[in-house]
Each structure stands twice: as C-alpha cells, then as structure tokens.
Amino acid sequence: MRECILGNFRRRLLGVLKTDNDLQRPSVLESLIKRHVSIVHLAEQHISMDITQGIREVLLSEAFSGPVSSLHLFEKPTDQHTGSATESVCNWYIENIIKDVSGAGILFVPIHKCFRSTRPVGGYFAESVTDLRELQAFVRIFGGYGVDRLDRMLKEHTAALLNCIDTSLRSNRDVLEAVATSLHAGDRIEREASMKQIVDLETVVGFCVQAGLALAFNRLLAEASGAILEEGAPLIHSLLAGVVKHLPDVVPEKEEIKRMRTVANTAGVVSDHDSIWVRSILEEVGGASDGSWSLLPYLFASFMTSNIWSTTAFNVDTEGFSNNIHCLARCISAVIAGSEFVRLEREHQHRQSLTNGHASEGIDPELSNHMSAEASIKSTLQLFVKFSAEIILDSWSETHRSHLVAQLIFLDQLCEISPFLPRSSLETHVPYAILRSVYSQYYADTPSTPLAILNASPRHSPAILLAHASPVMRQPRGDSTPPYYGNDSGYFRGSSSHSQEHLYDADISSIRNTRRSGPLDYSASRNKVKSVEGSTSGSTGPSPLPRFAVSRSGPIAYK
C-alpha cells in the first residue's frame, strides 16, 4: 500500500508540472503539492506506516541531479542522473525566458525585479512566472538541489555565450589592435574605418545581451534562494552574510574560500554577484586565457556603433530599454571584472612557477595582488567609458542624434551597476550639462520646470538635483497613488530601495530614502514619461535633447 501511495504521489507531481498550455506556475504547483500531502497525512492517521518519509524521498529524487551517494560531495559526478521534475522546470525557464525560443518578446524589468513579455509564454505572461514570489515557490518545492541545477544550466548557457566573445576577440584581433591604436591616437577617420571591418559585430552584441539576461535571472534566483534560507534557517543565513564580509581578498583564492564565496553568492548575500558568477564560469571552462582578452574594452566600445541603438527606446516605468540593451551593461561590467580576476590569477600562478613559490619581501603579495586586480578592473572599465563616450559624442550631429540619449543613459546605468566604476568616471568624459538636460526631460514633473532651479554642480548626480527640484519632495502623496496588486504576480510590484549608489561626495541620505531604484527614479508618485524616444518609439512631449539648451531552505517540510 505504501508503494502504491508514493507511486500515486510521484505521478501526481509529474502530472501537475505542466498544464494544457505550458508550465504550471510554481506557486500553484506548491499549493497543489501541499493539498495532496495533507490528504496523505489524513490517510496516515488511519494506517500504521510512515508515508511522510516516503514523500520526502520522492521529492528528493525528483529534485537532486546525480546519484544520491554523491549528495555531499563537491566534485561533480561524471554520470549525471537528473530528477525529471527539476529538469522539466529548469529547461522551460532556459528555453522560454532566457533564450525566448517562442519569440514572446521577453524583457527584463529592473525596477520590478522580474521579466515580462509582450505576449503570453504558454498560458501566462512572463511576469507571472518570473517574479520573486514565483521563484521563492520554486525554491521551496525543489530546495537547494533545484537551485543548483538551474544555476548550472544558466552557467552552461552563459559559458557558450562567453565562448562566442572569445571567438570574436581571436578572429578580430588585428582589427581590434588597429581600433585601439586609433582610439589612443585620436584618429577618428582611422577608427571608423577599422570598426567597420569588425566581423559579426551585431551577432556578438546580441550574445552579450542574452548573457546579461542570464546574469539578471541568476541574480533574481539567488535573491529568492536567500529569502527562503533566511525564512527557514535564519542562523545559517546570518552566518553566511557575516562570514562573507571577512573572507580574505586574495589572488589567487584558496579552494576553500572559493567554495564559501560560491555558496554565499548562491544565497544572494554577496554584493558583487555578477562578476563572481562570471569569474567562476571562466575558471571552470578555462576562459580568458588568450592575450586577445586584453582587447576586450575596445571590442565593447565598438558596440557603440551597432545598429541596435537606432531601434531602442528607454522606458521610465521599467528603467530599461525596449530591446534589453540595459542587460548589455550588466554583461560588460561582469565580464570585464571576472576576466581581469582570472587573468591576474593565472599571471600570479605563472610567476610562482618561475620563482618556485618564493614570495618577494615587503608588502603581503596576496594583498598586493588583490589591490592590483581591483585597480586593473577599474582602469579597464574607465578605458571603456572613455572611448565609448568619445565614439558617442563624435558621432553626434544635428541630423543624426536619435541614438545619443539611449547611449548616455546606458553609460550611466553601467556606472551604477558596476561596484568598480564611480559615476564621476562618466562625468570626466561627458559634459555634465548634457546629462542634466537628458534627465530633466525624463524626470521633471512638468515640461516647464525651470532648469535654473537645478543648481548645476559637478559634485551631484543629475537625478539627485532633479530630486531637489521636484515638488514631490515637498508634498505628501495624494490619493492618486496607483493600487498595489500584492497577491497577483501578473501585475508589477514596486520594489524597495536596493541599489548600491556611488554618488560623488554629497550627503544625500534624505534623498536616498525617497528613491526606489538607481539614478533614474527619484519618486514613486511622479508623473512618468513612457517609452522615451529612440528612432522607432512613439513617444510624445518635448524632445529629450532640445539642442542641449542647458549646456549652457530545501524541499517542503512536513509536520
């Protein structure tokens, strides 16, 4: 009888994973499992057998990838036997959200921490299966083993995309060297001629955007995993959060430190999630091993000449672009940081092999290596920003400037995303008045807001000045506040303040309390301008750049 009951539970679990249209929402799946388990518990009261333990074994076998004998081993078994339930759900997320094989128009929405689609993916819109509530339900059902499986599939997909970047660097090495020479020499004609010779530039841009989507999804998964861990095992969560702050920053890292940092990253308690994740991928696949990776900032700078900028539109409601170009900033920041760490680690190992392990006297070599790693990352990112800004501003003209606004906002988003790149790095190369003009058109409450109120100061972010000038800072919210659909994941829900700011030296604590997300959103009740223009947008209102006038825990527990 016990085997009959457990067999029925397994069939029921596999049966409710999919609906007639497509994947079942994880929250609905969780409620169906709980209802079935309550029926089993009721039956258990009238028969003398332990069915609860059997249910746990069924869930474990459907969640864990690999033989049970390797549950507690760090080494990956050569023969992976994947739980069919976890495999089915993870494959659906990879194919329909990350790869968007159905062409549903998947967009990552940073301000709402979810993905959305222009049409249903199966039976639901993408936001109904990708917000934090649904991902938390996924974690409660399949536990850490399900999270590990989805994380590994995301890594495999991202590794293939990073390999495409490596291939592009190798095949375009001579051209990129010519681009680098012309950029450093300030030879615009030679630079433009060289950039036109880069092979498959548009394809590489698309791959980088897709890698950024994978990074964004993995970050959401880590945040959901951390929330469930904190809810079910707060002591372990606080222990991880405390330990990761005191892990030694050394290059190269010891294996034990790498494991601890990886676990903490999976639980979402590490601030620099993206670069750590990309670094682990490059180390696993042996990436960034060629000297052509030193040309990475020049390849990324050449993206500013891509046709993708002429087909994008920025939306202040989502703080993203209509073609996910904001995910490109996440990819650029993570790939540069991760590849620099890997490169310096291999250089250190090479030096150690030449000196037979004898360290030089004076400063701690491990500390010195880490300091040089951070300095190298910052220098590379600043080089990218410098040359990107040069390409953007050189290409501007009265008749050809539709791409300029999107590219400037893109660079500003990059400065916010990267923990190694202060926003002042952008101001060094882009006139402050231009940025202020752009932001004033996006976020001023009315088109007639006097720009003189905004007190131009190079020590403040443009959005901060707009926050000072906004009437919202002086008036309480009225009844016009939009309703909050807290129980329906098909609706967007505003998030609390979650971004790490690098805002010069100004004291803006009072302003930061009113902000929800980054430099492009200073109030929850402002009148927003939607889908601001790229060349194909249908936006209304004043031009965003009016001639720069102002430049003057585990499977479900059963009781």
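Modeller: Before we start on this predicted model, a polar contact here is a pair of N or O atoms within 3.5 Å, and within protein one of them must be able to donate a hydrogen and the other to accept it.

Colleague: At the start of α8, which residue has a side-chain oxygen that reaches the backbone nitrogen of Ile-189?

Modeller: Helix α8 covers residues 188-195, and the contact with the backbone nitrogen of Ile-189 is found at its start. The two atoms lie within 3.4 Å, and the side-chain oxygen belongs to Asp-187.

Colleague: How wide is the arc that the buried residues of α8 cover around the axis?

Modeller: The buried residues in this helix are Arg-191, Ser-194 and Met-195. They lie on the same side of α8, because the arc they cover around the axis is only 95 degrees.

Colleague: Is Ser-292 buried or exposed, and which side chain does its own side chain join in a polar contact?

Modeller: Ser-292 belongs to the loop between α12 (273-285) and α13 (296-302), where its relative accessibility of 0% means that it counts as buried. Beyond four places in sequence, Ser-292 touches Leu-169, Arg-170 and Arg-173. The polar contact spans 2.6 Å, and the partner side chain is that of Asp-290.

Colleague: How many residues does the largest nonpolar core have, and how many are in the second, separate core?

Modeller: In the largest core, the residues with the most contacts inside it are Tyr-93, Phe-303 and Phe-384; Tyr-93 has contacts beyond four places in sequence that include Leu-23, Pro-26, Val-129 and Phe-217. The second core is separate, and among its members are Ala-264, Ala-267, Val-269 and Ile-276.

Colleague: Near what value is the phi of Lys-113?

Modeller: Lys-113 is placed in the loop between β1 and β2 (114-116), and with a relative accessible area of 13% it is buried. Most residues other than glycine have a negative phi. For Lys-113 phi is positive, near 50 degrees.

Colleague: Over which stretch with pLDDT below 50 does the model have 240 contacts beyond near neighbours in sequence?

Modeller: The protein averages a pLDDT of 77, and 72% of the residues score at least 70. Over residues 359-364 pLDDT stays under 50, with 2 contacts beyond four places in sequence. Where pLDDT is low, the predicted coordinates should not be read in detail. That caution extends to the stretch with 240 contacts, residues 445-559.

Notes
Residues are numbered from 1 along each chain as its sequence is written. This is a predicted model: local features need pLDDT of at least 70, side-chain atom pairs count only at pLDDT 80 or more; totals for chains, interfaces and linings use all residues. Side-chain values use heavy atoms; hydrogens and water are left out. Helices (H or I, at least four residues) and strands (E, at least two) are DSSP runs, numbered from the N terminus. Buried means under 20% relative accessible area, exposed over 50%, partly exposed in between (1.4 Å probe, protein chains only). pLDDT is the predictor's confidence in each residue, from 0 to 100. Contact means heavy atoms within 4.5 Å. The arc is that of the directions from the helix axis to the C-beta atoms. A nonpolar core is a set of buried Ala, Val, Leu, Ile, Met, Phe, Trp, Tyr and Cys residues joined through side-chain atoms within 4.5 Å.
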